[in-house]
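The sequence and model come first.

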Amino acid sequence: MTGVTTVDLVVVGAGTAGLPAAIEAAGQGLRVAVIEKADRIGGTLWRSWGQLSAGGTSLQRAKGILDTPDLHFDDVMRISKNTADPMLVRLAVDHAPASVEWLMASGFDMDPDAPAVLHFHEPYLVARTYWGRRAGLSVLDVLAPAFEKACAGSVTLELNTEVVSLRTEGAHRVAGVTVRRPDGTLHDIDARVVILTSGGYAGNPDLFPQLTAGSPLAGPASPGADGSGIVAAVGVGARVRGQERFLPTYGGVLKAGSTWETVHLDDYPSLTPQSRQPWEIHVNARGERFVAEDAPSVDVRENALLDQPDLKFWVVYDEAIRRTAPPLFPTWTEEELDGAFAGHTSFVKAGDLAELAEATGMDPGLLARTVADYNSAVASGKDEFGRTNLPAPIGEAPFYAVLNHGSTLKSPAGLEVDSQLRVLGAEGPFENLWAAGEVIGGSSLSGKSFVSGMSVTPALSFGRMLGRRAAGADTDPGSM
C-alpha cells in the first residue's frame with residue numbers, strides 16, 4: 001500500500017457518463033479523482049455509433065417536428081413493451097433535451113440528416129434520433145476538451161489504473177476506493193462521494209453468461225468492458241438486476257481467430273430490410289429457416305433468433321445472388337470477401353448444397369428441403385413465413401454461407417439504483433455510492449429491447465446530474 005489520497009469525489013470510469021460527471025463537479029469547485037483502467041479516456045465512444053435521442057429540442061422545432069419528453073417516454077415504454085424501468089426512463093427523457101442542447105452549444109458536429117427515424121433497432125414513431133458526423137467520436141470531441149480543461153484545475157486523472165475494491169463505513173456508506181496503479185502498487189483514495197461509471201460487461205466472455213442467464217457473448221465491445229465496477233459494488237452488497245432481459249442484436253460476424261469478438265459494427269452484414277432488402281435466406285444451425293428475413297420489425301427477428309440453438313444463424317445464398325444483389329457486406333471489398341471465404345471459419349463456399357451442409361454442420365436433408373421450399377416460394381410468390389421480398393431462387397453454384405451470431409452491443413444487467421441513482425444494497429441505498437451509464441444495465445432504460453439513443457443520452461444526462469449533485473448544485477433540467 002502506497003498511502004492514502006483524500007478528494008471530494010471519485011469517478012470510476014472516464015467514458016460517456018464519467019467525463020461529464022467530472023466536468024460538472026470540477027465546475028462546482030470539487031476535487032475529483034477519475035480512475036480509468038484503459039490507457040485513454042472515452043470508453044465506448046471510440047466504438048459506438050453515439051446515437052442520441054431527445055424529445056422537444058430546438059433542432060426538432062426548426063425542422064417542424066412536434067415532440068415532447070412525454071411522447072418520448074411513451075415511445076420508449078411501447079418499444080420495450082413496458083420492460084424498461086419507468087422511473088429511470090422518466091428521469092432520462094426529462095433531461096435528454098437539455099443534454100442535446102448542451103452538446104450543440106458546445107460545438108457538437110451534428111449530422112445534417114438528424115434527427116431521423118432509424119431502423120437498425122425498433123423505430124420511434126417520431127424523428128428523435130440524433131448522431132454526429134464522427135459517430136461516438138463526435139461526442140468525445142465535445143467532452144475531451146472540457147475534461148482536459150478540468151484536469152488543469154481540480155481534476156486528477158489516473159489511467160491504466162484499476163479499482164480493486166470499494167471500502168465501506170457502515171452498511172450505507174462507502175469510504176472510498178482501493179486502486180491498483182500501473183506499477184502494481186495499491187493505493188487508497190478516500191472520498192465523500194463515489195460515482196461508478198465503469199461501463200458494462202459486454203467485453204467479458206466469462207462474466208457475461210453469469211450475469212445474463214447463461215447466454216453466450218458475441219459482440220464488438222472492448223475487452224475493457226469487463227464488468228469490474230459491477231463486481232466491486234457486488235462485493236460490498238450491491239444488488240444486480242436485468243439478468244433475464246437479454247435480447248440479441250440480429251447478426252454479427254466474429255473476427256478471424258476470436259471465439260466471441262465480432263467485427264466492428266460498421267462491418268456487420270446488412271440485414272436491416274429498410275436499408276437493404278434480403279436476397280438470401282437465414283437458417284439456424286440445423287439448416288431450417290426460422291423467420292421472415294424481411295420482417296419490418298427487428299424486434300420480431302431478434303426474438304425469433306433468441307429461440308435458435310446457440311443464438312447462431314447462417315446467411316445462405318448462391319453465385320447469382322452474390323453477382324446480382326446489392327452487397328451483403330457494403331464496407332468489404334471483393335478481395336476481402338474472397339479472403340474470408342478462403343480462410344475464415346465463419347465464411348463457407350461450396351460446390352453444392354450437400355458440401356455446404358457438411359462444411360457448416362447443418363443437416364444436409366434439412367438444408368436441401370429448406371432451399372427447395374424457398375425456391376418454390378419464389379416461384380409462387382407465397383412464403384410460409386410471410387416474406388414478401390422474393391427476388392430470386394438459390395440454385396447457381398457455388399453456394400455461400402456466412403455464420404452470424406446474436407450479438408451484444410450493450411450488457412443488459414447492471415447495478416440496481418433508486419430515483420436518485422444511488423446504488424441499492426440489501427438494506428437500502430448507499431448514501432454516497434452512485435452509478436450512471438452501462439454499469440446500471442442496458443435493460444434499465446431499454447428493457448428487453450433496444451431503444452435508439454437510450455444509452456448515450458442517459459449516460460451524459462445522468463453523469464452531468466450526479467457531478468452537480470455531488471457539489472450540492474441544482475440538477476433540474478432547466479438549470480443544466
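Q: How many helices and strands are there in the chain?
A: This is a predicted model, in which local features need pLDDT of at least 70 and side-chain atom pairs count only at pLDDT 80 or more, while totals for chains, interfaces and linings use all residues. Residues are numbered from 1 along each chain as its sequence is written, and side-chain values use heavy atoms, with hydrogens and water left out. Helices (H or I, at least four residues) and strands (E, at least two) are DSSP runs numbered from the N terminus. The chain has 14 helices and 16 strands.

Q: What is the radius of gyration of the chain, and why does it agree with a compact globule?
A: The radius of gyration is taken over C-alpha atoms, and the globule rule is 2.2 Å times the number of residues to the power 0.38. For 480 residues a compact globule would be near 23 Å, so the value for the chain agrees: 24 Å.

Q: Is Val315 buried or exposed?
A: Val315 is found in strand S11, residues 312-318. Buried means under 20% relative accessible area, exposed over 50%, and partly exposed in between, with a 1.4 Å probe and protein chains only. Because its relative accessibility is 0%, Val315 counts as buried.

Q: Which helix gives the largest share of the lining of the second largest pocket?
A: On a 1 Å grid over the protein atoms alone, a pocket is an open set of points with protein on both sides within 12 Å along at least five of seven lines, and lining residues have an atom within 4 Å of a point. The second largest pocket is lined by 35 residues, with Trp49, Gln51, Phe120, Leu265 and Asp266 nearest its centre. Helix H5 (136-151) and helix H8 (298-306) each supply at least two lining residues. The largest share, three residues, comes from H8.

Q: What share of the contacts in the chain with a separation of 6 or more comes from residues 24 or more positions apart?
A: Among contacts with a separation of 6 or more, residues 24 or more positions apart account for 71%.

Notes
On a 1 Å grid over the protein atoms alone, a cavity is a set of points where a 1.4 Å probe fits but cannot get out, and a pocket is an open set with protein on both sides within 12 Å along at least five of seven lines; lining residues have an atom within 4 Å of a point. Contact means heavy atoms within 4.5 Å.
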